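Q: I would like to learn how to read some features of a protein model. Can we go through them one at a time?

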Amino acid sequence: MAFLRVVTRWPASSKFACATPGLHRHALDPPGAAGTALRSGFLPLTTSSAVAKSSAATAEALRGGSQTLGSRRDPLDATFDDAHAAYKSKTTWEILRAYIVYTLCSSNYLVENNMKIMKVAKAILGEKIFTAIMKSTFYGHFVAGEDQIRIRPTLERLRSFGVKPILDYSVEEDLSQEEAEKREVESSVSELGDEKVQDIFRRAWLKWTAQLHSDRKNCQLMSEWRGSKLCLVSANEDPVHGLYMDGEDGHWKGGAGRSLVEGTMPQFHVDKTFADRRYKVSSARTYFYLNEATCERNLEIFQQSLQAVAGATYGTGLAAVKLTALGRPQLLLQLSEVIMRTRQYMTEITALTAQANKSSPDDKGNIIGKHIQPEELQQKLQQACKLSEAPVKKFLQNVTYDQEGLIHLFPWSGIIDENLELSETFLVPDMKTGKMVRLLTQLSSKEEEMFRNMIRRINVLAQTAEDLDVRMMVDAEQTYFQPAISRITLEFMRKYNTKKALIFNTYQCYLKDAFNEVSTDLEQAKRQNFYFGAKLVRGAYLEQERARAAALGYPDPTNPSFEATSESYHRTLTECLRRIKDLKDKGKPNMIGIMVASHNEDTVRFAIEKMKEIGISPEDKVLCFGQLLGMCDYITFPLGQSGYSAYKYIPYGPVNEVLPYLSRRAQENKGILKKIKKEKRLLLRELIYRISRGKIMYTPKGDYTPI
């Protein structure tokens, strides 16, 4: 597939030449400015014509045009029980180290207290000795190196055994729970503040209460404050749902009002109990917003990762990005709530139209699944709105649609490409009054600027990926951020994935709506004619999501069991493969690229069997597999060595700054003792084999070419 095509932006160094037979040797530090950039750990965004020619020749060779690079392929043992295939890329010491690390991860005491132990050890042993010990144990096993230069030997060796990298700069702040909660709460609430909103509603409450007393027809209803919300309740204390308070005139309204009163979506509002987003999460990095300057630093780090992919991996790798690192979380929360309210709004519209029966019962209000024509929307609004009014006419002019019907109610492309005011963008005609009302709470001018800054940062990264011809993978996050993350990512796909899949989104299949979300996004890519890239994972926030839903009183978004999650994953993957096959049969190959990012060997086997069943080969380059560095080598390396497209998620960063990452890896391995048991068994088998055959000093030498 085009999204796996290899394009290099830098000639091979002497290290690359050694790892990749047949390439000419080059000086380690090229002369001139480019050499200076390489020595400093940065890679240039442009090259001279001579370098470009060298790069093009190298890229062509790596695509398979030169047999000197090695074209070895091993048969795949689908039981993933071949210890030699799993560890032929490792030295005997690395095998022994892996066995020791996994044994330590099996200790509850060590895992539960790992951060304390590491800090005490550092204080006792001193910086130098502690760093050396970490590099010989946990750090050396789970992390590739300290910077873009030091990780190259690891990347070269992976490549020689058929495995490509996903680079992830894994530095994390070691914040206390109190500091994390403080930052999250402060950055998740509008600077207009709850107090200002409460003042508006208190005034409206007084006005409305007076209206109740003067209106005999409404005497059976009353209003009261419950916490920070103004609620409309009946005499028997049952809340009256679907009614909203308009902050301007203080009147109750049906439909989508500016601020919801009863019926507020609690999942999209910060709660101090869960403000530390590391709670019950062991497998995902967490960024806490401090200020705009930290977001700019994160932008630079992500750019450097993209540059490293272009240089150190010949363009075959990917770089991982988290959107919570690039902007204020409040904006993602509010945008996510807008998206879900828009779905509610569309459900209200289509429930009263003849087209409603064309939509899937599972589409959960996804607009694209409704197949409603603009004329039908106009007809419905005609009943309540004066279409001659400019705001309503403007709303109808901005909807996105094609011959199959509506795609979006709002001009998302304008939000990505133009400096639109968010507060003035998400306006819809109220279905009962005909007036334009906001789905997004009013933002301050400063917050509007923060949003534009966040979009600018994402755009810089996407443009860098396009300039370097490398791929950028946007990680999934919590469900209260994810609607906004997915919507923004899809719009950047539409903008940049015009010739190949450069931007990838991530979908967590432990969520009940995973299949519908992927299907909807695939449909958008088809109807708007852009390349679709997706990473499918089981998910990183399961326990946190369940606990938060139970505590805040909203429906649990996760599947009830591991088996249900596996079914969701396989169903979603099957749909992706079905669409890939349809496009291939229509002469439009490579429009969809999927990564099966799973440590579950049953899921990997399922994907391989489905590929064979529907006639998709590894050479089609539309499906790849990915696992974390230091985990499940018995899956990754046999896949890469047998001709499948295989990736390792490669963390890197200074020893002291990746300790939180190492702590999470230890926690995660504790939770998958069954996999550790198999990994330890295979490691021990290979270790005994080498000792018995006198291969203790074994040196890995790969001659595989990655797909």
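A: Start with the elements: helices (H or I, at least four residues) and strands (E, at least two) are DSSP runs, numbered from the N terminus. This is a predicted model, in which local features need pLDDT of at least 70 and side-chain atom pairs count only at pLDDT 80 or more, while totals for chains, interfaces and linings use all residues. Residues are numbered from 1 along each chain as its sequence is written, and side-chain values use heavy atoms, with hydrogens and water left out.

Q: Which element gives the most to the nonpolar patch?

A: Like charges are joined within 9 Å, and nonpolar side chains (Val, Leu, Ile, Met, Phe, Trp, Tyr) within 5 Å. Accessible areas come from the Shrake-Rupley method with a 1.4 Å probe; for residues, only the protein chains shown count as cover. Here Trp93, Leu96, Ile100, Leu104, Tyr109, Leu110 and Ile117 form a nonpolar surface patch with about 610 Å² of accessible area together. Two or more residues come from each of α5 (92-105) and α6 (108-112). Helix α5 gives the most, with four residues.

Q: Is Ile117 buried, exposed or partly exposed, and where does Ile117 lie?

A: Buried means under 20% relative accessible area, exposed over 50%, and partly exposed in between (1.4 Å probe, protein chains only). Ile117 has a relative accessible area of 34%, so Ile117 is partly exposed. Ile117 belongs to helix α7 (residues 114-125).

Q: How many aromatic pairs does a search of the whole structure find?

A: A pair of aromatic rings is described by the distance of the centres and the angle of the planes. Rings of Phe, Tyr and Trp (its six-membered ring) pair if their centres lie within 6.5 Å; planes under 30 degrees apart count as stacked, over 60 as edge-to-face and the rest as tilted. The search finds ten pairs. One of them, Phe161 with Tyr704, is tilted, at 6.1 Å centre to centre and 35° between the planes. Phe161 is in the loop between α10 (152-160) and β1 (163-169), and Tyr704 is in the segment after α27 (673-692), 543 residues apart. Both Phe161 and Tyr704 are buried.

Q: How many disulfides does the structure hold?

A: A disulfide is a pair of cysteine sulfur atoms within 2.5 Å. The structure holds zero disulfides. For Cys576, the nearest cysteine sulfur is that of Cys509, 8.4 Å away. Cys576 counts as buried because its relative accessibility is 0%.

Key:
Patches are made of residues with over 30% relative accessible area and no salt bridge: like charges are joined within 9 Å, nonpolar side chains (Val, Leu, Ile, Met, Phe, Trp, Tyr) within 5 Å. A salt bridge is a side-chain nitrogen of Lys or Arg within 4 Å of a carboxyl oxygen of Asp or Glu.
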